[in-house]
Every structure is written in C-alpha cells, then in structure tokens.
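The sequence and the coordinates are shown below.

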Amino acid sequence: MSRRIVIVGNGPAGHRLAELLSARAPDADVTIVGEESVPAYNRVLLPSVLAGRLATQATYLARHPEGSVRVLTGVRVVSVDRHRREVRTGEGMTLAYDDLVLATGAACFLPPLQGLVEEDGRTSKGVVALRTLADCRLVEDQLPVQGRIAVLGGGVLGLEVARALTERGYGVDVVHGGAHAMDRQLGPAAGALLATALDGLHVRVLAGRTATAWTGDRLVLNDGSSVSAGLLIVCAGVVPETSLARDAGLRVQRGVVVDEYLRTSDPHIHALGDCAEVHGEVSGLIAPAWEQAEVLAGALTGERRAYAGTRTITRLKVRGVDLAVIGAGESEVAGAETVVLTDPARGQYARLSVLETRVVGAVLLGLPDSVAQVSRLYDSEDAAPNDRLALLMGWAVPGPAQDPGSLAGQTVICRCSNVTKNDLTTAWLRGARAESDLARATRATTGCGGCRGSVQEICRWLRAKHDQPDADAASSDEEREPPVDRVPPPPVRRNDHRDPVPELLAP
Ligand SMILES: Cc1cc2nc3c(=O)[nH]c(=O)nc-3n(C[C@H](O)[C@H](O)[C@H](O)COP(=O)(O)OP(=O)(O)OC[C@H]3O[C@@H](n4cnc5c(N)ncnc54)[C@H](O)[C@@H]3O)c2cc1C
C-alpha cells in the first residue's frame, strides 16, 4: 500500500508541500484538506485584490497535476486520533495517515476592545478582521458609500490595507499603539519619514494611541478622542492556529513546537508555516513557509536537510512608498559596521549593516535603485563593495551577484509568489516574452512589485542569450492588451473625508 500523507490546511505552505510531494513521491497517496471553500491562493496578494488591481482568480496557486493530489476544499479537520493515526472532519469523514502534516496557519488577533465582537464571537457589523479572500469580499460588501475607514494596527499589513483603500478613493485612519507605524521594524528617523510619506497618500497614522471601543460608526481611543469610520478593518497581528495540535496532546507553545526537521513531539506528525514554532520562533511570513515546505518535502522523501531559518526581506507593498527591511533591518548586529544616511527633504533613509564584508541588515526608504542590489548581496552573501554610499544610492558597479546569467536557477526572484529564475526562464521559453506575459504566467511582480527590475533584467538577459528582438520595445506593456488577470479600475466612491483628495473623487 502506498504511503498515506494527509496535510491539514490548504494555504500556501500546505499547497506547496503537496506540489513538491506530487513531484518527488509520485507513489505517495497525498490528501490535502482545507477549510476554505476556494482553491489554494496566495494571501500576500490580498491587498492588491482590495485595491482592485488584481482579480480573485489571479491569487490562485497552480493546480496540482490531474490525479496527483486529492484536494478536499470547504472541509475542516476537527480532531486527530494519534493512536489510530486518523483525522476526523466536521462532516464525520475519517482519513487514515502514515504521516500527518499540520499546515493550519494563523488567525487574526482580535484586541480586547468593547464592541468589536458579538456574543457569539463573530466580529460586529462594520468590522472585518482581514485574513482570507472571504474577508476581502466582506470588506467589499461593507465599503461605505462615503466617509472614512479606520484600520486597527499600523504594521506592514495594516499599512498595505490602508493604502489599498486610499487607492479606492477613501481617506483612512490607522490607529497604532506603537510610537510610529512599523515600529517593530523601523527606528524613529525612518518612522517619521514613513509617516510623512503616508500622509501624502491620505493614510493618517494615529500612533501612540490604542482603541478602547467600537460604536458602529466611531472608533474611540484611549486619549478620549475618536475617529469616525464607516468600516473598521482589524490588522492587529495573528495567532497561530494550534487547536488541533493542542487537543491531540502535541507540544504547543506559541505555535506547534517542531524540531529542525519540522517534526512535532509525535514523530508521525509534522507542522510548517504560520502554525509552526521552529527554533522558538513563529514566523508569520510567506518565505519561511515556502522554504519549510522544501525542507519537509525532503524529510518525507528520505532527504535529511535541517531547516536553519530563512533570510527574510520585507517589502512594504504600498504604492508610492518604497520601503524594504532586509535581514536584521535596524537591529544592532554585534561587530557590524553601520552606515546611516538620512535625507528628510527627499524622504530618503538608509541604514546598512555590514559584518566582515557581508550585508547582514538594511532599511531602505525612498531608495528603490539600491533595493535589488542590497537584497541580492544579502541573499548571495557576496562581499559588499567598499563604496557603501554608492551601493545605497544604487550606483554600485554591478558585480556577479547582479548578473542574471550567474544566478543559480533556483534563486528566488519574486519572494511574494516564490518564483525562481528557472520558473521565469521556462515561462519565457514557452513564449512569455514581455514583463506582463511573465507576470501572467508566473505571478512574479504581482505582489510588492519589488522584483520588477530583476524580472526585466532576466528578460533582457534571455533575449540577448537567445538573440531575440526586444519584446517590450517592440510593443511596450502599456500598449499591449492588459493581462487577463487584472481587473478594470474599481468604481471610485464619493468621499467626505476631511482632507479631500480631488483627483480621487468621482466627477
Ligand atoms: C492580507 C495579508 C497579506 C500578507 N502579506 C504578506 C507579505 O507581503 N509578505 C509575507 O511574507 N507574508 C505576508 N502575509 C502572511 C502570509 O500570507 C502567511 O505567512 C502565509 O499565508 C502562511 O501560510 P500557511 O499556509 O502557513 O498559513 P495560512 O495561509 O494561514 O493557511 C492555512 C490554511 O489552513 C486552513 N485550516 C486551518 N485549520 C484547519 C482545519 N482544522 N482543517 C482544515 N483547514 C484548516 C485555513 O483555513 C487556511 O486556509 C500576509 C497575510 C495576509 C493575511
């Protein structure tokens, strides 16, 4: 009998694992069970859906080859019987396993404020805690005809959601308890410049204040003030979804505790992604989920590679603000040389930490030209050029790390959608010759857009290599038909926020 692998959770982590297993262990009997009724999709792209820039279907992850993986959508696993090695679903179905994988992700954290949730635990009318495509539909259904919108939480997600809504013509107030937006990643200087940039985009950050109550049309703050809002969106952090593991008696702390091979305290059960706690940390980011899927696919097919952590780069997906936090970001790294550059007049800030010639951390605000170079140096661990200033200004002479030809095929170019150089090359060879074609074929560039320059470089390199005319020059992306997965601009709604945005108002 073939080995039965059951994956609980059809999010990016579970989906990627199933995809890898179907390729590497074609004889295994793989079943993936997901509570959401839609196909697996990339949550990272939801702010683009909210902004009306991406259609729902464009977030869907690639389908598994016919017959390779049994996918059960709209089905919740309610218990695990470790003794019998079975899981039970809400509908009473049992699924036997040899190996069970928990990829149950995380749920939104709901801060304890009056009026936020009903007695049955559901969010009150006019409140959406944003995590799923269904939540995006809820936002869509409850968008006020006029008035401002409030967002609770000024972390990366809160700001992305706020900006998505200002793209729709709304004025947005972001209430954030920290000293400034993204205070977990940024120091005061970068925080102040970010606030100015956001203000210019009609995202007003009310920092250093917490919300105490939601009245249905007002958010009351702890300093006695309140903001009027037709809709409240909660982006106040996440809580790993560990209930199945806890009920089954597995070791759970903040997340489901796993070792470096992603094994829980039961050797037949593994966990990965947002629900897992590895090396004492719960990541909450997509790149570790993709990488853990690789490691676990290896572990389940006889390879013994340990998960050693993921090198993270966070790019704020806010149109009009270019911000990247690379590796250690602003945190002090013992023994590292640090270069800091601030130009408030131009809204630019850079902080670079280099340890023994290697980039170990950077924050780059308003410096898009340097992001690709610094990111690649961080990824490749190649020596940073001695002229640090040139690097920060994007003037550094391209080295091997910048030459697409010298990049390994498995190099991840688009971190939001986990697209490698090989994926882009394959798509190009199959006829996707312009950036928009590559975006449609691979989803590269459709998240934060930070990989656009690299995708263009790879396109140019492939053209030169295959001696092809320049597809973009012959027919620029703007002149070509819009990609099918983009949607027409959303209707602009009339708005009465206090700082009118004339260009965003309906005529
Ligand atoms: C709007 C938004 C934007 C984001 N942007 C970024 C970004 O720019 N960069 C970044 O790095 N990260 C981002 N993230 C975080 C990123 O999406 C997550 O890290 C990633 O989705 C984790 O994948 P996962 O598969 O572990 O968990 P999830 O995506 O949470 O998927 C888990 C799935 O398991 C299902 N499930 C749970 N319990 C059960 C059960 N008992 N039975 C059946 N199914 C179950 C859930 O319904 C869910 O579908 C964003 C998240 C959101 C919500």
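## Helix α7

In this predicted model, G298 counts as buried, at a relative accessibility of 0%. G298 is placed in helix α7.

## Overall dimensions

The chain contains 13 helices and 27 strands. Its radius of gyration is 23 Å, which is close to the 23 Å that the globule rule gives for 507 residues, so the chain is as compact as a globular protein of that length.

The C-alpha trace spans about 65 × 65 × 50 Å along the principal axes of the chain. Of the 507 residues in the chain, 52% are buried.

Which residues come nearest to the ligand among the 31 around it? They are E36, R43, R131, I286 and K317. By class, the shell around the ligand divides into 16 nonpolar, eight polar and seven charged residues. Domain 1 (4-47 + 57-107 + 239-300) and domain 2 (127-236) each contribute at least three residues to this shell.

For L285, a backbone N or O atom lies 3.3 Å from a ligand oxygen atom. For G284, a polar backbone atom is 3.4 Å from an oxygen atom of the ligand. A106 places a backbone N or O atom 3.4 Å from a ligand oxygen atom. On its own, the ligand has 1000 Å² of accessible area, of which the protein covers 92%. The elements that give two or more residues to the shell are α1 (12-24), β2 (29-34) and α2 (46-50).

V174 is placed in strand β11. With a relative accessible area of 0%, V174 is buried. L206 is 32 residues from V174 in sequence, while the C-alpha atoms of the two are 5.9 Å apart in space.

M182 lies in the loop between β11 (172-176) and α5 (188-199). Is M182 buried or exposed? At 2% relative accessibility, M182 counts as buried, because the class extends to values under 20%. The C-alpha atoms of M182 and V156 are separated by 6.3 Å, and the two residues are 26 residues apart along the chain.

T264 is found in the loop between β18 (256-258) and β19 (269-271). Its relative accessible area is 8%, and T264 is therefore buried.

## Positive phi values

Most residues other than glycine have a negative phi. H279 is not a glycine, yet it has a positive phi of about 50°. The residue is located in the loop between β20 (276-278) and α7 (286-300). H279 counts as exposed, at 52% relative accessibility, because the exposed class covers values over 50%.

N418, a residue other than glycine, likewise has a positive phi, near 55°. N418 is located in the loop between β26 (412-414) and β27 (419-420). At 16% relative accessibility, N418 counts as buried.

Key: Residues numbered from 1 in each chain as written. Predicted model: local features only at pLDDT ≥ 70, side-chain atom pairs only at ≥ 80, totals over all residues. Heavy atoms only, no water. Near = heavy atom within 4 Å. Polar contact = N/O pair within 3.5 Å; in protein donor to acceptor, adjacent residues only side chain to side chain. Areas by Shrake-Rupley, 256 points an atom, 1.4 Å probe, with all protein chains shown as cover. Helix = DSSP H or I, 4+ residues; strand = E, 2+ residues; numbered from the N terminus. Nonpolar A, V, L, I, M, F, W, Y, C, P; charged D, E, K, R; others polar. Domains from an automatic or database assignment. Rg over C-alpha atoms; globule rule 2.2 N^0.38 Å. Buried < 20%, exposed > 50% of the residue type's maximum accessible area, 1.4 Å probe, protein only.
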